[in-house]
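Thank you all for coming; I would like to walk through one protein model today, starting from the overall picture and then going down to single side chains. Please have a look at the sequence and the structure first.

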Amino acid sequence: MSVTVQPAEELPGWRYPRAHPSLPESNATILVPHAPGWWRKALAFAGPGYLVAVGYMDPGNWATDLAGGARFGYALLSVVLVSNLMAILLQALALRLGIVTGRDLAQACRDHYSRRVSFALWVLCEIAIAACDLAEVIGSAIALNLLFGIPLLLGVCLTALDVLLILAFQHRGFRYLEAFIVALVITIGACFALELMLARPDFGAVARGLVPTARIVTDPGMLYIAIGILGATVMPHNLYLHSSIVQTRRIGSDLASKREAIHFATFDSTVALFFAFFINAAILILSAATFHWTGHQGVADIGDAHSLLAPLLGTTFASGLFAVALLASGQNSTITGTLAGQIVMEGFLDIRLPPWLRRLITRLIAIVPAVIVTALYGEKGTGSLLILSQVILSLQLSFAVVPLVQFTGDRAKMGRFVTGPLLKGLAWLTAAAIIGLNGWLLLGTLRAWRA
């Protein structure tokens with residue numbers, strides 16, 4: 001059952017009736033300067049894109065990048081680039097929905113679909129967020145083990161402390177949380193910049209790797225990893241997250257203010273996602289330069305990569321940098337994943353719980369399975385759990401992408417900001433490609449398990 005609303009251009013500042021704001025404790029809390037000055041306004045809108053970008057450089061992406069570089073050198077860099085361009089497009093649609101309608105993607109689904117459909121979408125989304133968060137929890141635990149020798153089970157439990165971090169930063173203001181995330185992103189970037197200096201890759205070959213080749217399609221092994229890179233790139237929770245956190249900026253309700261907000265938020269998102277591209281590309285380049293030509297083409301495990309970096313690059317500093325980057329990546333992703341869990345729960349169910357309780361529930365959904373599997377099966381079990389989490393994400397992605405493309409192409413919801421024919425066509429093409437590739441990856445994984 002759909003909710004009929006007036007077009008956005010006929011009612012500036014349009015909101016659904018009796019609607020609670022998304023992420024209420026942070027909604028419209030950051031002032032945007034009215035005085036002219038491009039850079040001042042760009043800085044005011046900078047931040048949400050980096051919270052989203054961490055989902056594109058999380059530990060779940062590391063395995064595919066490591067495997068792609070170790071087995072095929074720089075050839076799959078073009079796949080990393082294409083997947084990043086897809087992400088830029090979908091995140092731009094997510095922020096557009098949030099700014100124009102004042103609703104995050106979860107709220108928009110609840111308002112548009114029947115209660116039964118909305119509830120089903122919520123259940124699927126919670127499962128996907130929990131699955132995604134498993135990769136971040138396990139990645140952080142592995143990093144703590146590599147750096148400090150902390151047992152995996154204890155490391156998994158320690159990752160729950162990010163709930164306290166979120167509460168502390170948001171109590172002081174959403175800008176503090178954004179600053180913390182950006183600091184960790186910079187840390188990851190700095191670590192891999194130093195790693196690349198130590199690895200000394202062939203930058204001519206790197207440049208050639210950015211150009212797609214027919215071998216990616218004709219070589220079954222390369223195609224499978226390429227699909228894995230594409231399939232693991234766009235995380236469904238990022239779409240819900242971005243459509244909400246762009247609303248932390250206090251903007252006017254007139255059309256000009258919304259147009260300006262979309263412009264600067266898109267700039268923020270694009271810059272942040274290109275930084276994420278650098279991180280993913282750096283992981284693949286490091287793997288190619290270090291493992292591909294030294295007889296270690298089978299490296300795909302994070303622990304194996306960490307242990308081999310020091311002897312192959314001739315310094316223990318390389319392994320340390322790798323572990324620090326992994327810890328920063330895992331912690332960053334768990335924070336944003338917990339925040340996305342709150343947005344989804346409130347958006348689909350329209351319930352209001354104390355912030356600490358919402359985040360504790362979201363955190364436990366991810367940590368409890370990780371604790372059980374780690375306690376029972378150890379490191380081998382966590383590896384299998386990581387594979388399962390990526391399969392679950394593949395199943396859920398279409399249930400986030402399709403509503404997003406549908407809503408942003410609906411003039412009744414978006415008014416003058418509805419996507420044009422070209423952008424709408426690209427969006428549906430991107431959605432179809434991601435859904436098809438994820439389906440292919442899922443089938444391949446199921447075949448591998450049966451074998």
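Among contacts in the protein between residues at least 6 apart in sequence, what percentage join residues at least 24 apart? The answer is 84%, where contact means heavy atoms within 4.5 Å.

Before going further, a word on the source: this is a predicted model, in which local features need pLDDT of at least 70 and side-chain atom pairs count only at pLDDT 80 or more, while totals for chains, interfaces and linings use all residues. Residues are numbered from 1 along each chain as its sequence is written, and side-chain values use heavy atoms, with hydrogens and water left out.

The protein has 20 helices and two strands; these are DSSP runs numbered from the N terminus, with helices being H or I of at least four residues and strands being E of at least two. Of its 451 residues, 57% count as buried, and here buried means under 20% relative accessible area, exposed means over 50%, and partly exposed is what lies in between, with a 1.4 Å probe and protein chains only. The accessible surface comes to about 18000 Å², and 69% of that belongs to carbon and sulfur atoms; the areas come from the Shrake-Rupley method with a 1.4 Å probe, and for residues only the protein chains shown count as cover.

Let me turn to the charged pairs. In general, side chains of opposite charge can pair when their charged atoms come close. The structure holds six salt bridges, a salt bridge being a side-chain nitrogen of Lys or Arg within 4 Å of a carboxyl oxygen of Asp or Glu. Arg175, Glu178 and Arg249 are linked in a network of such bridges. In general, an α-helix has 3.6 residues a turn, so residues three or four places apart point the same way. Arg175 counts as partly exposed because its relative accessibility is 32%, whereas Glu178 counts as buried because its relative accessibility is 2%. Glu178 also forms a salt bridge with Arg249, where the closest N and O atoms are 2.7 Å apart. Since Glu178 lies in helix 9 and Arg249 in strand 2 (residues 249-250), this pair ties together parts that are 71 residues apart in sequence. Both Glu178 and Arg249 are buried.

Another of the salt bridges joins the side chains of Lys413 and Asp410, at 3.6 Å from N to O. Here Lys413 counts as buried, at 5% relative accessibility, while Asp410 counts as partly exposed, at 24%.

Next, the helices. How many residues of helix 13 (residues 236-245) are buried? The count is 10 of its 10 residues, including Pro236, Tyr240 and Ile245.

Asp254 caps the N-terminal end of helix 14, with a side-chain oxygen 3.3 Å from the backbone nitrogen of Ala256. Phe267 also has its place in helix 14 and is partly exposed, with a relative accessible area of 35%. Phe267 and Ala46 are 221 residues apart in sequence, yet 8.4 Å apart in space, C-alpha to C-alpha.

Helix 4 (residues 77-101) contains Ser78, which counts as buried at 2% relative accessibility. Leaving aside neighbours within four places in sequence, Ser78 is in contact with Gly209, Leu210, Val211, Pro212 and Ile216. Ser83, likewise placed in helix 4, counts as buried at 4% relative accessibility, and Ser83 and Leu230, 147 residues apart in sequence, are 5.3 Å apart in space, C-alpha to C-alpha.

Finally, the surface. Leu360, Leu364, Val368, Ile372 and Leu376 form a nonpolar patch with about 440 Å² of accessible area together. Patches are made of residues with over 30% relative accessible area and no salt bridge, like charges being joined within 9 Å and nonpolar side chains (Val, Leu, Ile, Met, Phe, Trp, Tyr) within 5 Å. Val368 lies in helix 17 (residues 355-396) and is partly exposed, with a relative accessible area of 40%.

Definitions and conventions: Polar contact = N/O pair within 3.5 Å; in protein donor to acceptor, adjacent residues only side chain to side chain.
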